[in-house]
Amino acid sequence: LDSFVKMLDFGWHKEQWDIRINGLGVDVLVSAEANKMLKEAAIGKHIPTVAEQTQGEVIGFAGAAAAKMGAGGKVVLMEGRAPTLEYVRTPYRFELVMSDPVIIGMRRASQRMMAAAAE
């Protein structure tokens, strides 16, 4: 797992904060693939399993990324499930709640359609 985490680099890439994935023949910026490869069903179906096994690493990575951006003068809002976000160390915390959780699924479907249309 540690070798996979080392393939991730959060930093200033191509004039913006971004995550670079570099390893196993892949060298991409997450922003370039966010609505393409990373939204494909073949990847999406594995997210719960991967998330379960890597939660600590993900929280550590996200916390370090937020700290880098904060040190750079940015205000960082982090999206995620409340129980997960409780592990992020910060003196500032608030939670937004959606009145209709079905909207989240609709948003995901529209992202996939946009990705298909952009190809």
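This section describes the strand pairing and the salt bridges of a predicted model. Residues are numbered from 1 along each chain as its sequence is written, and side-chain values use heavy atoms, with hydrogens and water left out. Local features need pLDDT of at least 70 and side-chain atom pairs count only at pLDDT 80 or more, whereas totals for chains, interfaces and linings use all residues.

Strands were taken as DSSP runs (E, at least two residues), numbered from the N terminus, and two strands were treated as paired if DSSP finds at least two bridges between them. Strand β1 (residues 8-13) pairs with strand β2 (residues 16-23) in the antiparallel sense, over six bridges. Within this pairing, Trp12 has Trp17 of β2 as its bridge partner. The hairpin of β1 and β2 has two residues between the strands, and Lys14 takes a positive phi near 50 degrees there. Strand β2 is also joined to strand β3 (residues 26-29), by four bridges and again antiparallel. Here Ile21 stands opposite Val28 in β3. In the hairpin of β2 and β3, with two residues between the strands, a positive phi near 55 degrees is taken by Leu24.

With a salt bridge defined as a side-chain nitrogen of Lys or Arg within 4 Å of a carboxyl oxygen of Asp or Glu, the count comes to two. Lys6 meets Asp2 at 3.1 Å, N to O. Relative accessible area was classed as buried (under 20%), exposed (over 50%) or partly exposed (in between), using a 1.4 Å probe and protein chains only. Lys6 counts as exposed because its relative accessibility is 65%. The other salt bridge links Arg20 and Asp27 at 2.8 Å, N to O. Arg20 is partly exposed, at 28%, and Asp27 is likewise partly exposed, at 47%.
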